[in-house]
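The plan is to look things up one by one and jot down what turns up.

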Amino acid sequence: MPSIKIGIVGLPNVGKSTLFNALLKKQVAFVANYPFCTIEPNVGVVEVPDKRLPVLAKIVKTEKIIPATVEFYDIAGLIKGASEGEGLGNQFLAHIREVSVILHIVRMFEDEDVVHVDKVNPLSDIETIEAELILADLATLDKQKEPRVSTNQEDKLRFEVIGKLKEALGKGILAKDVDLSSDEKDLISSLGLLTLKPVLYIFNISERQLADLENIKKEIEKIVPAGNFLIFSAKFENELLSLTEKEQKDYLKEYNLEDIGLNRLIKKSYSFLGLISFLTAGEKEARAWTIKKGTLAPQAAGVIHTDFEKKFIKADIIPFDDFVEYGGWIKARELGRVKTMGKDYNVSDGDVIEFKIGT
């Protein structure tokens, strides 16, 4: 699959652009203390940290390393009424349709110098954004016309699914929480419904709150499920940027944080979306490729090039640790450590693969 696309959304002045800057390790988004300073989505591409790639590159004697990437879209602040075009709503909602996962930034920090559209209330903020996404999806569904009597069965089934979703959304239930089969989801996939997208919540806290993480976590778990959020201090993450790697580690340790925010977010996003990486290693390059867990070998080959899936013959596969232990393909093959697998092989994270493709 191509880069994961993550859309950063939230109400104005919750720290979206500050967080975006921290994620990209540079000042790219225009940070200002008033709504709508972000009009076009700022797009940033970051590399997925993978310590295995330099090791592979050394073994196969290549200087070219190509990590997997994540694209972040800093989408401007939504407000109540965005689904009806309030603020710059329509424009922003269109941008959200393009992303794989929504990163919903929720403000928990108190700061008199940074205005809020109302008082700081995480649950209310979440409900405001969700309501706008629901209204936008209802508007999309309302535009779908009932099929004629002579229409094929698939179109009739599609309209039944639309009816089911309209009923649920009308009750305030997000489309992703509606019990739909994979076939039903396929029927309405072209509609790009916003509430079908997975949502990962980022709670933006102050440095003072960082020192009280356990209690903050308990507060958040009353609002959203435990596996669906990360805690960040966007201001703290930006301050880290000016420090050396050692100073960063010491500073993170002070607050019992295992890594910088970007790395924690990427790791969480991969887990949240059920993604893994397989690796390729040759004289030309050492590279990581992102796929869904459960992907079969031909479809994994198709991520490299669409023709590879059609012309797939077999795949030589070795786990990363074995590849390192035996010093590359030649010795691993001599010792019979490379497995040759067919079309039904389920690719695992860290598999080093060489695909055999027909002409």
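My entries follow, starting with the ground rules.

**Ground rules.** I'm working on a predicted model, so local features need pLDDT of at least 70 and side-chain atom pairs count only at pLDDT 80 or more, while totals for chains, interfaces and linings use all residues. Residues are numbered from 1 along each chain as its sequence is written, and side-chain values use heavy atoms, with hydrogens and water left out.

**Whole chain.** I looked up the element tally and got 15 helices and 12 strands for the protein chain. These are DSSP runs numbered from the N terminus: H or I with at least four residues for helices, E with at least two for strands. Of the 359 residues, 48% count as buried. Buried means under 20% relative accessible area, exposed over 50%, and partly exposed in between, using a 1.4 Å probe and protein chains only. I also checked the contacts (heavy atoms within 4.5 Å). Among contacts with a separation of 6 or more, 68% are between residues 24 or more positions apart. The accessible surface is about 18700 Å², with 49% of that belonging to carbon and sulfur atoms; the areas come from the Shrake-Rupley method with a 1.4 Å probe, and for residues only the protein chains shown count as cover.

**The sheet.** In what order do the six strands of the open sheet run? I read β2-β4-β1-β5-β6-β7, with mixed pairing. Two strands pair if DSSP finds at least two bridges between them. The edges are β2 (42-47) and β7 (229-232), each pairing on one side only. From one strand to the next the twist averages 25 degrees. For angles, axes are lines fitted to C-alpha atoms, for helices over the stretch in contact, and the values run from 0 to 180 degrees between N-to-C directions.

**Pairings.** I went through some neighbours next. β2 and β4 (residues 69-74) run antiparallel over six bridges, and V46 sits opposite V70 in β4. β1 (residues 4-9) pairs with β5 in the parallel sense over four bridges; there I6 has V101 of β5 as its bridge partner. β5 and β6 are also parallel, over six bridges, and I105 is partnered by I202 in β6.

**Strand β5.** Is β5 mostly covered or mostly open? I found it mostly covered: seven of the seven residues in 101-107 are buried. V101, L103, I105 and R107 point one way, and I102, H104 and V106 the other. In a regular strand the side chains alternate between the two faces of the sheet.

**Helix α8.** Helix α8 (residues 213-221) packs on the sheet, touching β6 (199-204) and β7, and its direction makes about 140 degrees with that of β7. Which residues of α8 are buried? They are L213, I216 and I220. Why the same side of α8? Because they cover an arc of only 60 degrees around the axis, the arc being that of the directions from the helix axis to the C-beta atoms. These buried residues pack against β6, α7 (207-210) and β7. The face turned away carries the exposed E214 and K218.

**Helix α1.** I checked α1 (residues 16-24) too: eight of its nine residues are buried.

**T140.** T140 counts as buried because its relative accessibility is 13%. Not counting residues up to four places away in sequence, T140 touches R97, L191 and L193.
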